[in-house]
Amino acid sequence: KPGNGEWQEKDREAPAYSTRQSSWKKLKAAPEELRAFVNDNFRYFPFENDNFYLMGGSLFACPFEPLNIDLMKVLRMGVHVGELGHGKLKPAQHYVMTLPEDVYRRTVGLDPAGDQIKRYLRGESLEIPGAANGITAVRVSGHTVGLGDVRNGILKNLYPKGWRRIL
């Protein structure tokens with residue numbers, strides 16, 4: 001019956017913090033998928049001293065050891081490195097944009113006023129004669145805007161669909 005104090009009993013029995021299992025999994029080392037991606041596409045490993053966390057298939061790099069994350073709600077644990085699946089890493093746009101220029105093995109510079117950057121931001125493939133095959137950083141005025149996969153002189157656009165613009 002309402003008003004007999006039952007709700008007070010239930011509140012006293014509840015713990016002061018959540019006892020649910022954390023969905024974050026701390027990894028002892030960088031996963032093999034990340035190491036393989038770095039070996040193929042980067043000059044060096046940019047997150048050597050970071051802690052790695054996995055939430056579902058999402059991989060995060062955190063430069064510090066956080067407090068007990070089981071006791072709090074966490075949206076992101078550091079930088080979203082990418083998605084792990086099918087033995088590969090699909091890099092996140094956030095991760096790509098945080099890395100310095102000297103990390104990438106292959107880069108393509110685009111003119112900020114040119115037609116190619118507009119086409120890239122729309123999600124189109126670009127013709128890049130003489131570019132080496134592999135994952136390539138697309139840069140404008142010294143800033144990385146995304147990645148592309150070069151095959152036989154054609155840069156396949158890897159810019160996220162949700163970020164594409166109609167210019």
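Which element gives the most to the lining of the largest pocket? Helix α2 does, with 5 residues. The model is predicted, so local features need pLDDT of at least 70, side-chain atom pairs count only at pLDDT 80 or more, and totals for chains, interfaces and linings use all residues. Residues are numbered from 1 along each chain as its sequence is written, and side-chain values use heavy atoms, without hydrogens and water.

The largest pocket holds about 680 Å³ of space. A pocket here is an open set of points on a 1 Å grid where a 1.4 Å probe fits, with protein on both sides within 12 Å along at least five of seven lines; lining residues have an atom within 4 Å of a point. The lining has 28 residues, and L89, K90, P91, I135 and L158 lie nearest the centre. By class, 11 are nonpolar, 7 polar and 10 charged.

Two residues are described below. Buried means under 20% relative accessible area, exposed over 50%, and partly exposed in between (1.4 Å probe, protein chains only).

| Residue | Relative accessible area | Class |
|---|---|---|
| H80 | 14% | buried |
| Q116 | 30% | partly exposed |

H80 is in strand β4. The H80 side chain reaches the backbone oxygen of G82 at 3.4 Å, and a polar contact (a pair of N or O atoms within 3.5 Å, one able to donate a hydrogen and the other to accept it) of 3.2 Å joins the side chains of H80 and E83.

Q116 is found in helix α4, residues 115-122. Its C-alpha atom is separated by 9.9 Å from that of I128, 12 residues apart along the chain.

Conventions: Points joined across faces, edges and corners; volume = space filled by probe spheres on them. Helix = DSSP H or I, 4+ residues; strand = E, 2+ residues; numbered from the N terminus. Nonpolar A, V, L, I, M, F, W, Y, C, P; charged D, E, K, R; others polar.
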